[in-house]
Amino acid sequence: PTLPGFVVSSFSPLVAAVAERCLTRRHGDRPAPADPGERTAVVLVSAAGDRVSADHVHRTVADGGRLGPLFFFQSVPNSVAGHVATRWGLRGPVVCLAPVGDPRTEALDSADLLLHDGDADEALLVLIEQGHDGTADHAAALLVTRRETA
């Protein structure tokens, strides 16, 4: 689906769509956490980032063209992470990672730090990669909480 304020690329709309599906399962259709005191972090993980927007900006600049102002806004992944946090009333930290190892493991490790240090009560993990060389875009979202241990 399209996402107002984000143009050309599937990156941000896909992040918003998988985040919405995940949060809707946990919180229902309302854009707010279940508990007013709850802090939900957003952890966005992508090795390549928004490849389509980056390529568009590169081509436009190389050709001497002018970029629209939306590209400055959407050129960093935390723009869509902030959009998700605002849309859902999430009050935890926003973290964007470019993993060097396994993306899921690095996302879970980051969430574990945020939860263990008390910066968040739960973390929304969004892993996304845009397709290239004929492969499809893919994204997944997971909501994690800290496990209590005795």
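**Ground rules.** I number residues from 1 along each chain as its sequence is written, and I work from a predicted model in which local features need pLDDT of at least 70, side-chain atom pairs count only at pLDDT 80 or more, and totals for chains, interfaces and linings use all residues. Side-chain values use heavy atoms, with hydrogens and water left out. I take helices (H or I, at least four residues) and strands (E, at least two) as DSSP runs, numbered from the N terminus.

**The sheet.** I looked up the strand order first. Four strands make an open sheet, ordered β2-β1-β3-β4, with mixed pairing. Two strands count as paired if DSSP finds at least two bridges between them. The edges are β2 (94-97) and β4 (138-145), each pairing on one side only. From one strand to the next the twist averages 15 degrees. I noted that strands of a sheet pair through backbone hydrogen bonds, either parallel or antiparallel.

I then checked one pair. Strands β1 (residues 40-45) and β3 (residues 122-129) run parallel and are joined by six bridges. V43 has L125 as its bridge partner in β3.

**Helices on the sheet.** Which strands does α4 lie across? I found β1, β2 and β3, with α4 running at about 150 degrees to β2. Helix α5 (residues 103-116) lies across β1, β2, β3 and β4, at about 160 degrees to β3. Axes are lines fitted to C-alpha atoms, for helices over the stretch in contact (heavy atoms within 4.5 Å). Angles run from 0 to 180 degrees between N-to-C directions.

In α4 (residues 78-88) I listed S79, V80, A81, V84, A85 and W88 as buried. Buried means under 20% relative accessible area, exposed over 50%, and partly exposed in between (1.4 Å probe, protein chains only). G89 follows α4 and has a positive phi, near 65 degrees.

**Helix α2.** I compared length with expectation, which is 1.5 Å times one less than the number of residues. The 12 residues of α2 (residues 51-62) should span 16 Å, and the end C-alpha atoms are 16 Å apart, which agrees. Just after α2, G64 has a positive phi of about 80 degrees.

**Salt bridge.** My search of the whole structure gave one salt bridge (a side-chain nitrogen of Lys or Arg within 4 Å of a carboxyl oxygen of Asp or Glu). The side chains are those of D121 and R39, at 3.2 Å, N to O. D121 is in the loop between α5 and β3 and R39 in the loop between α1 (11-27) and β1, so the pair ties together parts 82 residues apart in sequence. D121 is partly exposed at 34% relative accessibility, and R39 is partly exposed at 28%.
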